[in-house]
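Welcome! Please take a look at the sequence and the 3D structure below, and then let us walk through some of the details together.

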Amino acid sequence: MSKPETRALGTLSEAADLKVRGYAVTWESYDMGREMERVDPKAFDRALEDAGDIALLWNHDTGKPLARVRAGNLRIWTDEKGLGFEATLPDTATAREAHALVESGVVSQCSFGFMVREERYEKGETKPVRVILDADLLELSLVTFPANPTTSVEAREAPEAAPVRRTIRLAPPM
C-alpha cells in the first residue's frame, strides 16, 4: 500500500487591486494650434452632480473601458488643480496593460471627452483663448499623446495581500 502524497503549490498571492490616479483636466491654458484653450474650474459642476455614466477609457477607445462611475470603481472630483480621478481597474488584459504602461512611465497623461454647452473667447497674448465654461463630461482617458500636457496619471497598488500557502493531499490510488 502506498502512502498519501502531498504537493506544495508554493506561495500564491491574491491579485492586488490595480489603481490609477491623476488629473484628466487642469485649469491651465494649453495650445490647440490656432488657439489656446482653458477649462473654467466650474465647467463640470453641473456634469458632476449626476456623474453616473462617466467612464475611464484606454486612449478614448470605447471598446476598452477601464472603470466607470456607475460601476463604483471610478471616483471623480474637482479641486484647485483640476478635474481629478481615482480608479480601481478590473482584472482584464487591457487594465493590466494600461496599469503596467502607466507604472513604467510610458503613459503618463490623460485626456477627456466632452460636449461644450457654453464657451467664450478671450484675447490672448499671441492667439485667442477659448474658455470652456460649461460642458457635459463623457469620458476620461489614459492616453499616450494628450492635447493638454499638464495632465497626469500615476499607478498605485493596494497594499500587498498576505501570501497564501496551499497544500493538496492526493488520495492513494485505488
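Is phenylalanine 112 buried or exposed? Phenylalanine 112 has a relative accessibility of 11%, so this residue counts as buried. Here, buried means under 20% relative accessible area, exposed means over 50%, and partly exposed lies in between (1.4 Å probe, protein chains only).

This is a predicted model, in which local features need pLDDT of at least 70 and side-chain atom pairs count only at pLDDT 80 or more, while totals for chains, interfaces and linings use all residues. Residues are numbered from 1 along each chain as its sequence is written, and side-chain values use heavy atoms, with hydrogens and water left out.

**The overall picture**

- The protein has two helices and twelve strands; helices (H or I, at least four residues) and strands (E, at least two) are DSSP runs, numbered from the N terminus.
- Along the sequence, these elements follow the pattern β-β-β-β-α-β-β-β-β-α-β-β-β-β.
- Of the 174 residues in the protein, 37% are buried.
- Among contacts with a separation of 6 or more, 71% are between residues 24 or more positions apart; a contact means heavy atoms within 4.5 Å.
- The protein exposes about 10600 Å², and carbon and sulfur atoms supply 50% of that area; accessible areas come from the Shrake-Rupley method with a 1.4 Å probe, and for residues only the protein chains shown count as cover.

**Strand E5 and its partners**

- Strand E5 covers residues 55-58, and both of its faces are covered: Ala55 and Leu57 on one side and Leu56 and Trp58 on the other are all buried.
- E5 runs antiparallel to strand E6 (residues 61-68), and four bridges join them; two strands pair if DSSP finds at least two bridges between them.
- Tryptophan 58 has aspartate 61 as its bridge partner in E6.
- Two residues lie between E5 and E6 in their hairpin, and asparagine 59 in the turn has a positive phi of about 50°.
- E5 also has four bridges to strand E10 (residues 129-143), and this pair runs parallel.
- Alanine 55 has glutamate 139 as its bridge partner in E10.

**A cluster of aromatic rings**

- A pair of aromatic rings is described by the distance of the centres and the angle of the planes.
- Rings of Phe, Tyr and Trp (its six-membered ring) pair if their centres lie within 6.5 Å; planes under 30 degrees apart count as stacked, over 60 as edge-to-face and the rest as tilted.
- The structure holds two aromatic pairs.
- Phenylalanine 44 and phenylalanine 112 form an edge-to-face pair, because their ring centres are 5.9 Å apart and their planes are at 90°.
- Phenylalanine 44 is in the loop between strand E4 (36-39) and helix H1 (45-49) and phenylalanine 112 is in strand E9 (residues 109-122), so this pair ties together parts that are 68 residues apart in sequence.
- Phenylalanine 112 and phenylalanine 114 are stacked, because their ring centres are 4.6 Å apart and their planes are at 25°.
- Phenylalanine 114 is partly exposed because its relative accessible area is 26%, whereas phenylalanine 44 and phenylalanine 112 are both buried.
- Together, Phe44, Phe112 and Phe114 are linked into a cluster by ring pairs.

**Glutamate 37**

- Glutamate 37 sits in strand E4, and this residue counts as buried because its relative accessibility is 4%.
- Its side chain makes a polar contact of 2.5 Å with the side chain of tyrosine 30; a polar contact is a pair of N or O atoms within 3.5 Å, and within protein one must be able to donate a hydrogen and the other to accept it, while residues adjacent in sequence count only if both atoms are side-chain atoms.
- The side chains of glutamate 37 and arginine 130 also make a polar contact, at 2.8 Å.
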